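Here is a protein chain to look at together.

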Amino acid sequence: MPTPKQLYVSTPKTIIPDLPRFTFEGRIEVIQSESEAIRAVRALKGAPLLGIDTETRPSFRKGEKHKVALLQVSDRDICFLFRLNMLGFAPCLVELLSDPAITKVGLSLRDDFMMLRGRRSFTPGGCIDLQEKAKLFGIEDMSLQKLFANIFGQRISKTAQLSNWEADTLTQSQKVYAATDAYACILLYEELLRLRQSGNYTLIQPENEPK
């Protein structure tokens, strides 16, 4: 049997900056109209597994709130960035997220769905939250960056997180950031499933961390 993979209970922050950076290297398409969204959803429906995430323009003033601006949905080859601030929460997207026959994985989906309901009410279907899967291992740090570092030993950059997601044009940095977050969910789900089935892992507490 291969050497068991070591997983941290709590991923040390100090190890993350020195890890090799991971980014999505597939095709990225920005979707800004309902007709484009319909075409994109049609393509996504053929994938066996989708990764999903959202982005919202950050608020820097007390009481200031923004609606979710971007919904990113990825398969293994392409990530579509749906600019909800331009096209709205289109019916085809509601259908995609509600369809129980299409498996979708994400992280902290409860928060994402709460934000999406600020645009249109819907009932999610076929959605799997990675945080629930990680809990089964005894993992406590479950942000995307820490979970990916824990499972794969690679770093996901968060530098674009607080950028303006309602800008007229998304930068290349924003596109890659958004696509990486969605695609990483696919990889995490598959690896957690593999480890769960094989049982070939050990859980460790970092040195100098409280037990």
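## Before you start

This is a predicted model, so local features need pLDDT of at least 70 and side-chain atom pairs count only at pLDDT 80 or more, while totals for chains, interfaces and linings use all residues. Residues are numbered from 1 along each chain as its sequence is written, and side-chain values use heavy atoms, with hydrogens and water left out.

## The whole chain

How big is the box that the C-alpha atoms fill? Along the principal axes, that box is roughly 50 × 40 × 30 Å.

Of the 211 residues, 47% count as buried. Buried means under 20% relative accessible area, exposed over 50%, and partly exposed in between (1.4 Å probe, protein chains only).

Now for contacts, meaning heavy atoms within 4.5 Å. Among the contacts with a separation of 6 or more, 72% come from residues 24 or more positions apart.

## A strand with two partners

Have a look at strand β3 (residues 50–56). Why is β3 largely enclosed by the rest of the structure? Because 6 of its 7 residues are buried.

On the pairing side, two strands pair if DSSP finds at least two bridges between them. β3 and β6 run parallel and are joined by 2 bridges, with G51 standing opposite V105 in β6. β3 and strand β4 (residues 68–74) run antiparallel, joined by 6 bridges; there, I52 has V73 in β4 as its bridge partner.

S108 sits in the loop between β6 (104–106) and α4 (109–116). Its phi is positive, about 55°, although S108 is not a glycine.

Next, find E191 in helix α7 (residues 172–198). Is E191 buried or exposed? With a relative accessible area of 12%, E191 is buried. Leaving aside residues up to four places away in sequence, E191 touches K5, I151 and F152.

Methods. Helix = DSSP H or I, 4+ residues; strand = E, 2+ residues; numbered from the N terminus.
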